[in-house]
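Here's a quick tour for anyone meeting this structure for the first time. Have a look at the sequence and the model, then read on.

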Amino acid sequence: MSTVPQQLTPEEIQRRRKRSLAIAMVLAALVLIFYVLTIAKLGPQVLNRPL
């Protein structure tokens, strides 16, 4: 059962690209939020620990 992939129109390609960029930006924002919250929970003294 082999299916031939259909060609996308330029409009569909542009919509897919915009959707992919939106998903990437949301993912990056979530990563940044988790990073900031983790640093905030650890507190400011996390940078003053002995190495």
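Let's start with a pair of side chains: Arg 15 and Glu 11 meet in a salt bridge, with 3.2 Å from N to O. Keep in mind that this is a predicted model. A search through the whole structure turns up one salt bridge. Side chains of opposite charge can pair when their charged atoms come close. Both partners, Arg 15 and Glu 11, sit in helix H1, which covers residues 10-42, and they are four residues apart, or about one turn of the helix.

How open are the residues of this helix to their surroundings? Here are four of them, with their relative accessible areas.

| Residue | Relative accessible area | Class |
|---|---|---|
| Glu 11 | 52% | exposed |
| Arg 15 | 47% | partly exposed |
| Ala 22 | 34% | partly exposed |
| Phe 34 | 54% | exposed |

Glu 11 gets the label exposed because its 52% is over the 50% cut-off. Arg 15, at 47%, counts as partly exposed, because that label covers values between 20% and 50%.

Next, follow the chain along. Ala 22 lies in helix H1, and 21 residues separate it from Gly 43 along the chain, with 32 Å between their C-alpha atoms.

Phe 34 is also found in helix H1. What does Phe 34 form on the surface together with Val 26, Leu 30, Ile 33 and Leu 37? These five make up a nonpolar patch, and together they have about 490 Å² of accessible area.

Technical notes. Residues numbered from 1 in each chain as written. Predicted model: local features only at pLDDT ≥ 70, side-chain atom pairs only at ≥ 80, totals over all residues. Heavy atoms only, no water. Salt bridge = Lys/Arg side-chain N within 4 Å of Asp/Glu carboxyl O. Helix = DSSP H or I, 4+ residues; strand = E, 2+ residues; numbered from the N terminus. Buried < 20%, exposed > 50% of the residue type's maximum accessible area, 1.4 Å probe, protein only. Patch = residues over 30% accessible without salt bridge, like charges linked within 9 Å, V, L, I, M, F, W, Y side chains within 5 Å. Areas by Shrake-Rupley, 256 points an atom, 1.4 Å probe, with all protein chains shown as cover.
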